[in-house]
Structure formats: structure tokens, C-alpha cells
Amino acid sequence: MDDMTDRAEPRWRQDFPVRWDEDHYMTRRELARFLTLGSGLLAGVSGLIAVIGLTRKLPTPAPQRIAGVNDVAPGGSLLFRYPTPDDPCILVRDASGRFDAFSQVCTHLSCAVVHAPEGGALACPCHKGAFSARDGEPMAGPPTRRLPRIAIETRGDDLVATGIEV
Ligand code: FES
């Protein structure tokens with residue numbers, strides 16, 4: 001009789017025997033409970049990370065002298081680094097004498113923008129992007145985010161960078 005049973009079972013079943021009666025099943029209810037608890041846990045952790053990110057204050061960089069007020073002629077510009085030597089920035093002065101400063105790093109793919117005074121712009125040569133030299137908003141090309149503004153103050157005859165407005 002044993003011989004008959006062996007012949008009736010396919011070969012793969014003999015090689016990979018599955019004992020259904022010994023297997024441990026997970027019911028639909030258990031699966032749904034597991035998925036609900038897992039999703040709830042993920043949502044909670046995401047919320048906690050978001051709260052930490054929103055409430056954590058970045059340290060304000062120390063004020064740093066950029067240049068003298070008379071170092072940049074109207075319509076001119078000057079490159080500087082702030083808050084660290086690895087952060088290139090650009091100071092522009094329009095024809096009326098107003099100063100504005102921005103990060104020099106294009107918000108598209110991080111090329112360095114240059115002053116284009118004839119268009120009142122900061123131009124990015126990589127993909128023909130352009131930003132307003134007055135408020136840093138994108139004017140042309142692929143960039144969609146404005147340039148971070150560098151807050152500046154006039155202290156006596158000096159222009160001083162006092163922070164970054166992202
Ligand atoms: S990197 Fe500036 S436009 Fe692409």
C-alpha cells in the first residue's frame with residue numbers, strides 16, 4: 001500500500017513536503033490588525049520627526065562684514081562668502097544705490113549665478129536660468145525656487161551680513 005501512495009504523489013511533493021495541518025495561518029483579521037498598527041506606528045514616527053523639524057531652531061550665523069558701502073558702485077556687484085567659506089554669495093547694488101545680497105548657488109542644479117545688471121537679474125549660465133536681482137525670485141529658465149536672501153545691514157561705513165532668509 002505504501003508503494004501505491006508513493007507512486008500517486010508527484011515527485012515535487014516528495015521533495016518539498018508541505019504539512020498543511022501543521023502550518024500556522026494568519027487570519028485576515030490578524031493581517032488587518034498588523035497593517036493598521038504598522039501604519040499607525042509609521043504615521044506617529046513621521047509626525048514626531050515633522051514636529052522636531054519644525055520646532056528646532058537653526059543657529060543664527062554670526063554677523064560678518066562684507067564690504068565698505070563705497071566699495072560697490074551703483075550697478076555693480078561683489079562676491080563674498082557667508083556664513084562659511086564654502087557658501088558663495090553675491091552682493092548687488094542697483095542704479096538707485098540699493099543693496100541686496102543672495103546666495104550665489106542656483107536653486108536649479110547649483111551652478112553659480114552672476115550679475116547681469118542690464119536685466120536687473122542674476123543669471124545662471126548653466127541652463128539659462130535667471131533670478132530677480134531685487135528679490136531673488138526666478139524670472140526665466142528652469143529654476144522654480146528663489147535664491148536664499150542674505151540679510152544685510154549698514155553699520156557705519158560697512159555692509160554687514162546678519163543672517164540668511166531661506
Ligand atoms: S543650474 Fe542654474 S539654471 Fe540650471
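A residue counts as buried when its relative accessible area is under 20%. In this predicted model, Asp100 has a relative accessible area of 5% and is therefore buried. Its salt-bridge partner Arg98 is partly exposed, with a relative accessible area of 33%. The side chains of Arg98 and Asp100 meet at 2.7 Å, N to O. Arg149 also belongs to this group: salt bridges with shared partners link Arg98, Asp100 and Arg149 into one network.

Six salt bridges are present in the structure. Among them is the pair Arg65 and Asp158, whose side chains meet at 2.9 Å, N to O. Arg65 belongs to strand β1 (residues 64-68) and Asp158 to strand β10 (residues 158-165), so this contact ties together parts 93 residues apart in sequence. Both partners fall in the intermediate accessibility class. Arg65 is partly exposed at 47% relative accessibility. Asp158 is partly exposed at 26%.

A further salt bridge joins the side chains of Asp15 and Arg11, with an N to O distance of 3.5 Å. Asp15 and Arg11 are four residues apart in helix α2 (residues 11-15), so about one helical turn separates them. Arg11 is exposed, with a relative accessible area of 62%. Asp15 is partly exposed at 44% relative accessibility.

Gln14 is partly exposed, with a relative accessible area of 37%. Gln14 and Pro59 are 45 residues apart along the chain, and 68 Å separates their C-alpha atoms.

A nonpolar patch lies on the surface. Met26, Leu31, Phe34 and Leu35 form this patch. Together these residues have about 420 Å² of accessible area. Leu31 is located in helix α3 (residues 28-55). Its relative accessible area is 38%, which makes Leu31 partly exposed. Patch residues need over 30% relative accessible area, so Leu31 at 38% passes that limit.

Most residues other than glycine have a negative phi, and most peptide bonds are trans. The bond between Tyr82 and Pro83 is cis, with omega about 0°. Pro83 sits in the loop between β2 (77-81) and β3 (88-93).

Positive phi values occur at Ser110 and Lys128. For Ser110, phi is near 75°. Ser110 lies in the loop between β4 (99-103) and β5 (114-116). For Lys128, phi is near 60°. Lys128 lies in the loop between β6 (121-124) and β7 (129-132). Lys128 is exposed, with 73% relative accessibility.

Definitions and conventions: Residues are numbered from 1 along each chain as its sequence is written. This is a predicted model: local features need pLDDT of at least 70, side-chain atom pairs count only at pLDDT 80 or more; totals for chains, interfaces and linings use all residues. Side-chain values use heavy atoms; hydrogens and water are left out. Patches are made of residues with over 30% relative accessible area and no salt bridge: like charges are joined within 9 Å, nonpolar side chains (Val, Leu, Ile, Met, Phe, Trp, Tyr) within 5 Å. Accessible areas come from the Shrake-Rupley method with a 1.4 Å probe; for residues, only the protein chains shown count as cover. A salt bridge is a side-chain nitrogen of Lys or Arg within 4 Å of a carboxyl oxygen of Asp or Glu. Helices (H or I, at least four residues) and strands (E, at least two) are DSSP runs, numbered from the N terminus. Buried means under 20% relative accessible area, exposed over 50%, partly exposed in between (1.4 Å probe, protein chains only).
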